[in-house]
Amino acid sequence: MIEFVSFRNLVPEITETGYLTHAIVSYPAKFIPQVVRYALNTYTKENDWVIDPFAGSGTVGVEAYLCKRNAFLLDLNLLLNHLMPMKVFQSNDLLRKEHLHILLEEMQTENKHHFMPAWSNIEYWYAPEILKLLSQYWGYIYNIEDNIYTGIIKTALLKVSKRFSYTEHRTPKLARSKRKLAAIDELLQENWVEQLLQVVYDHSLSTLKKLNDFLTLTQSHENRVEYYGGVDSSNFTVQRKFDALITSPPYLQAQEYIRSTKMDLYWLGHNDDEIKQLSRLEIPYRKADRVTHTPTLDVVRSKLTRKDLCHRLESYFCHTLNALENSMNQLKPNGVASIFVGNPRIDGIEVELWKIISEYFTERGFTFKKVYEDRIKTRQLFGTRKNKNPEGMKSEFLLILKKE
Ligand SMILES: C[S@@+](CC[C@H](N)C(=O)[O-])C[C@H]1O[C@@H](n2cnc3c(N)ncnc32)[C@H](O)[C@@H]1O
């Protein structure tokens, strides 16, 4: 019943998870593109429409476009709306380095406009002189015409806004640490402006190159990628029909996507209220409005004693299954759903997610086709950090269900 695979070996044409535009901005718990490519190659054909209700940083959008499929992406995180125009950039002309250089030069001398994020405790996260400089650079970018070049510079400014802050930039969650405070203090004794600019230049130029490589490869592609960030998929009805679903739902615990990307969202112009509102809707940190039953889930529930974890379990399944169901109801007959999940533990109890999802949907008009198990445990969680064993996961699974 289980087919053991290595998606990296099954898709040897992808040699690097961050190739082309996949990694221009960090995002926690991204898909490895090989899984998406495999599902696209195996279960879809050219010009099909694919939906991803938990699109995150848009891996399905990028892969779909590269494979001449259309994609419809939803995610609670507003970052998606900023990322997608860059990740699937379409244009007849290649981007020019010289133009980027002109803007980067101007950014350093132009001092008329400043931008301060609408973040009540922004000072907590920055040394005053660094905040002042960042605010000048962002102010410049927000006061010139918005286009792909400003988009490229923004991705570089996001990088330095995190790296030169008091948060530990190598871990996803916002966390001020003694180590980082000391590192910033030390940096301020050095040529920190030059160092900051070096990162901005390097990142901008490398993003421009990635976009040009993407453009060159996709000149003949005429597909569409639609994206809706800021959407609660568990409460959203999609009107159109799809040929396939490819998605990876949020983790059962220990992942707060909004909190992890909060600093980016503030610099990109979102405010306290918007961000609080989104955090409240995040799975599994909100109340369940129904209790879901499947044989495997009932066994887990009967073993779980801690009240807070019981609530989390209910919340997770209620909203994750709602979101999947909203999208899967829109699949055409014979449409295939490919759902990528781990095998998390809650209070030491193993939760066989793929089995629970499969049991739920086989009662609701789907047939179980197969499940792949990948024992390579290097799903990239964030930046360069590889989480070998998130939540005690031993493997990851790709569940395949077919609409009857
Ligand atoms: C495992 S991540 C998906 C990562 C994505 N596959 C990628 O490659 O970037 C799960 C996503 O679920 C999203 N999410 C959490 N609660 C949600 C909700 N209520 N509605 C829509 N998306 C939600 C998170 O923002 C996160 O991006």
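Guide: A polar contact is a pair of N or O atoms within 3.5 Å; within protein, one of the two must be able to donate a hydrogen and the other to accept it. With that term in hand, the loop around Asp146 can be described. The model is a predicted one.

Asp146 is found in the loop that runs between helix α6 (128-142) and helix α7 (148-163). The residue counts as exposed because its relative accessibility is 57%, and the cut-off for that class is over 50%. Another, of 3.5 Å, links the side chain of Asp146 to that of Lys154.

A second residue with accessible surface is Lys210, located in helix α9 (residues 192-217). Lys210 is classed as partly exposed because its relative accessible area is 24%, a value to be read against the limits of 20% and 50%. Between the C-alpha atoms of Lys210 and Asn121 there is a separation of 35 Å, and the two residues are 89 positions apart along the chain.

The ligand site comes next. The shell around the ligand has 24 residues, of which Tyr27, Phe31, Ser57, Thr59 and Asp75 come nearest. By class, this shell comprises 13 nonpolar, six polar and five charged residues. Phe31 places a polar backbone atom 2.9 Å from an oxygen atom of the ligand. An N or O atom in the side chain of Asp232 is 2.9 Å from a ligand nitrogen, and a polar side-chain atom of Ser248 is 3.2 Å from a nitrogen atom of the ligand. On its own the ligand has 600 Å² of accessible area, and the protein covers 100% of it. The space that the ligand takes is the largest cavity.

Backbone geometry supplies the remaining features. Asn47, in the loop between α2 (33-43) and β2 (49-52), has a positive phi of about 70° although it is not a glycine. Asp347 likewise is not a glycine, yet has a positive phi of about 50°. Asp347 belongs to the loop between β7 (345-346) and β8 (349-350), and counts as partly exposed because its relative accessible area is 40%. Finally, Ile283 and Pro284 are joined by a cis peptide bond, with omega about 0°; Pro284 lies in the loop between α11 (272-281) and α12 (295-303).

Conventions:
Residues numbered from 1 in each chain as written. Predicted model: local features only at pLDDT ≥ 70, side-chain atom pairs only at ≥ 80, totals over all residues. Heavy atoms only, no water. Near = heavy atom within 4 Å. Areas by Shrake-Rupley, 256 points an atom, 1.4 Å probe, with all protein chains shown as cover. 1 Å grid on protein atoms, 1.4 Å probe; cavity = no way out; pocket = protein on both sides within 12 Å on 5 of 7 lines; lining within 4 Å. Sits in = over half its atoms within 2 Å of the grid points. Nonpolar A, V, L, I, M, F, W, Y, C, P; charged D, E, K, R; others polar. Helix = DSSP H or I, 4+ residues; strand = E, 2+ residues; numbered from the N terminus. Buried < 20%, exposed > 50% of the residue type's maximum accessible area, 1.4 Å probe, protein only.
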